[in-house]
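Morning, everyone. Let me put the structure on the screen, and then we will go through pockets, rings and a few contacts.

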Amino acid sequence: MRNRLEEIRKQKGLTQEELAEALGVSRQTINSLENGRYNPSIVLAFRIARFFGMSIEEIFVFEEE
Amino acid sequence: MKSEGTAKYVAFSVLGFLVMAAGFLLAIFLPGTDGFLRILPYICIGAGAGAFGGNFGNAVREHIIKKNPGIARKIEIETNDERNMAITGRAKAKAYEIMQVLLWVLTIVFALLQADLYVILSLVAVNLIVIFSMLYYIDKYNKEM
């Protein structure tokens with residue numbers, strides 16, 4: 001699953017550390033999400049979407065294999 | 001609540017230290033005894049050192065957390081982080097697979113070495129308990145999820 005997390009985070013002028021702190025996850029989790037190495041749980045995806053005031057689909061792009 | 005936890009860890013670490021010291025004293029002053037008394041000092045040293053080390057470490061950690069709320073928040077995040085939990089779960093699953101193979105290898109090695117039957121049966125029992133525990137939890141989580 002691709003995502004626009006890094007792009008959106010940078011648009012908002014946040015560091016990985018700040019975003020991690022706001023979401024209550026580790027900085028490594030944000031890094032892994034941005035690199036596409038880790039797919040978030042539905043709960044975390046909702047938390048990220050709510051934090052940025054967007055829908056999940058605007059941040060995470062589901063690609064069928 | 002936190003100070004109660006620290007007090008509990010301190011009390012158990014002191015108890016562990018006393019048991020360990022008693023073990024050393026028994027080993028020094030009661031040499032050449034037979035039966036259970038022969039192994040008692042070593043049991044005391046082992047159990048005491050384990051209790052002392054574990055509880056002293058926990059007491060120090062609780063003390064540091066109490067003094068630095070920032071660290072407490074960081075530890076809470078690291079502990080509850082879903083990626084960390086997923087990684088820990090996967091690592092435990094892998095370790096379980098390795099442990100299962102090693103337990104059976106150990107059982108076979110003991111059988112080939114013609115070890116006492118109770119040793120081999122104990123290992124087989126441990127293997128079976130581990131396998132049935134897994135089946136129990138698969139069933140439990142199937143019902144819960």
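Start with a term. Helices (H or I, at least four residues) and strands (E, at least two) are DSSP runs, numbered from the N terminus. Next, the ground rules. This is a predicted model, where local features need pLDDT of at least 70, side-chain atom pairs count only at pLDDT 80 or more, and totals for chains, interfaces and linings use all residues. Residues are numbered from 1 along each chain as its sequence is written, chains are lettered from A and ligands numbered from 1 in the order in which they are written, and side-chain values use heavy atoms, with hydrogens and water left out.

Pockets, then. Rolling a probe the size of a water molecule over the atoms shows where empty space is left. The grid is 1 Å, over the protein atoms alone. A pocket is an open set of points where a 1.4 Å probe fits, with protein on both sides within 12 Å along at least five of seven lines. Lining residues have an atom within 4 Å of a point. Points are joined across faces, edges and corners, and the volume is the space filled by probe spheres set on them.

The largest pocket holds about 260 Å³. Which helices supply at least two residues of its lining? Helix H4 (82-112) and helix H5 (117-144) of chain B. H5(B) gives the most, with 6 residues. The lining includes Tyr96(B), Met134(B), Tyr137(B) and Tyr141(B). On class: Ala, Val, Leu, Ile, Met, Phe, Trp, Tyr, Cys and Pro count as nonpolar, Asp, Glu, Lys and Arg as charged, and the others, Gly among them, as polar. That gives 7 nonpolar, 1 polar and no charged residues here.

The second largest pocket comes to about 180 Å³. Its lining draws two or more residues each from helix H2 (16-23) and helix H3 (27-34) of chain A, and from helix H3 (69-80) of chain B. H3(B) gives the most, with 5 residues. Among the lining residues are Glu17(A), Arg27(A), Arg73(B) and Glu78(B). By class, the count is 3 nonpolar, 3 polar and 6 charged.

On to rings. Phe, Tyr and Trp rings (six-membered for Trp) pair if their centres lie within 6.5 Å; planes under 30 degrees apart are stacked, over 60 edge-to-face, the rest tilted. Why is Phe52(B) with Phe56(B) a stacked pair? The ring centres are 5.5 Å apart and the planes sit at 20 degrees, so the pair is stacked. The two are 4 residues apart in helix H2 (residues 36-67) of chain B, about one helical turn. Phe17(B) joins Phe52(B) and Phe56(B) in a cluster linked by ring pairs.

Last stop, chain A. Buried means under 20% relative accessible area, exposed over 50%, partly exposed in between (1.4 Å probe, protein chains only). Asn3(A), in strand E1 (residues 2-3), is buried at 19%. Phe60(A), in strand E2 (residues 60-61), is buried at 5%. They are 57 residues apart in sequence, yet 4.3 Å apart in space, C-alpha to C-alpha. The Asn3(A) side chain has a polar atom 3.0 Å from the backbone nitrogen of Leu5(A). A side-chain polar atom of Asn3(A) also lies 2.7 Å from the backbone oxygen of Leu33(A).

Note on methods: Polar contact = N/O pair within 3.5 Å; in protein donor to acceptor, adjacent residues only side chain to side chain.
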